[in-house]
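I opened this model to look at a ligand site and at one strand. My notes follow in the order I looked things up.

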Amino acid sequence: MLIRPRRLRENKILRELAAETKVSAKALVYPVFIREGANIEEAVPSLPGQSRYSPDRLPVIIEKTLKAGVNSVLLFGIPEHKDETGKAAYAENGVVQQGIREIKRRFPEIHVITDVCLCEYTSHGHCGVVNSGAVDNDATLPLLAKTALSHMYAGADMAAPSDMMDGRVAAIREALDANGFANKPIMSYSAKYSSAFYGPFREAAGSAPSFGDRKGYQMDYRNKREAVKEALLDIEEGADIVMVKPAMAYLDVISMIRQAVSVPVAAYSVSGEYAMIKAAGKEGLIDEESAFCELAAGIFRAGADILITYNALELAGWIKEGRI
Ligand code: PBG
């Protein structure tokens, strides 16, 4: 008797029934860029199809997000003024803080996650405070805690530290607990690699480091045991969700972390992954939509529970149409 795996592939309904990976819009998070100013929606050249919004224009994109069936956004801020210690990151009336208030006033039901980092706010573009030419881990921790706390006061639902300083999850957890936010979870960028795939984001946020690189704090892409170590440490410090970033070149890391931890695992399909597929699609080199569907399914198949992607709204539409 011949064993026939093909039997399950021949009929569409059966294929759907038997699919090992089922993708849902409920598992998607949409990143949103907020810039200072009023009445601004400007296209981001490095991320075709994405825009920067002034706080007052956020309701437009939030409404579209909810309509698409995506219930979570991840907010990034682009301040007017940058300085040595990134004060605009934790200013009560900072651009993200304004944005959160505006969003929550109009759409209290949307789940607002905030990226917690200093790189968009520092004049040197590093993710922490710079002392004698190097990023000072411990001096950065209280500023990250202040940033996360200010987001919570503005009404955020979850903090997502992306700076890769050691001990930042514990510092943020302590600050939230001490100020009445014990119920607010932390999604930690646990395995965040030093990656060329962040290029278009840095263009969008104006956050490329002015000297050196991020190799002193972001992970070395040759390592994956270290990713498990980072994830376990973050969980010990109080992370509720751990994240792997980027996604496309790191599916093995997603898979390994999935097996090593019992908290939900998020994957961030970053700006370079998005821009690359967009560019190839525009050139007619690949079918953009099919490629995005395949990439999303691959990330979930690797073990992600949550997918953060610039493609979230379109993906939600394709899921609805039964394309994945
Ligand atoms: C901030 C941050 C970055 C990204 C997310 N948070 C930039 C960086 O680390 O350089 C990148 C996201 C993307 O490329 O889509 N530290």
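This is a predicted model: local features need pLDDT of at least 70, side-chain atom pairs count only at pLDDT 80 or more; totals for chains, interfaces and linings use all residues.

**Ligand site**

Next I looked up polar side-chain atoms facing the ligand. For serine 271, such an atom lies 2.7 Å from a ligand oxygen atom. For arginine 214, I found a polar side-chain atom 3.1 Å from an oxygen atom of the ligand. Serine 162 has a polar side-chain atom 3.3 Å from a ligand nitrogen atom. I then checked the cover: of the 400 Å² of accessible area that the ligand has on its own, the protein covers 100%.

**Strand β4**

I moved to β4, residues 72-78, and asked which of its faces are covered. Both are: Ser72, Leu74, Phe76 and Ile78 are buried on one side, and Val73, Leu75 and Gly77 are buried on the other. Buried here means under 20% relative accessible area. Because seven of the seven residues in β4 are buried, I noted the strand as largely enclosed by the rest of the structure.

**Neighbours of β4**

I looked up the pairing last. Strand β1 (residues 28-35) runs parallel to β4, and seven bridges join them. Arginine 35 stands opposite isoleucine 78 of β4. Strand β5 (residues 111-116) is also parallel to β4, with four bridges. Valine 73 has valine 112 in β5 as its bridge partner. I followed the chain from β4 through helix α3 (residues 95-106) to β5 and recorded a right-handed β-α-β crossover.

Notes. Residues are numbered from 1 along each chain as its sequence is written. Side-chain values use heavy atoms; hydrogens and water are left out. Buried means under 20% relative accessible area, exposed over 50%, partly exposed in between (1.4 Å probe, protein chains only). Helices (H or I, at least four residues) and strands (E, at least two) are DSSP runs, numbered from the N terminus. Two strands pair if DSSP finds at least two bridges between them. A crossover is right-handed if, with the strands pointing away from the viewer, the path from the first strand over the helix to the second runs clockwise. A polar contact is a pair of N or O atoms within 3.5 Å; within protein, one must be able to donate a hydrogen and the other to accept it, and residues adjacent in sequence count only if both atoms are side-chain atoms. Accessible areas come from the Shrake-Rupley method with a 1.4 Å probe; for residues, only the protein chains shown count as cover.
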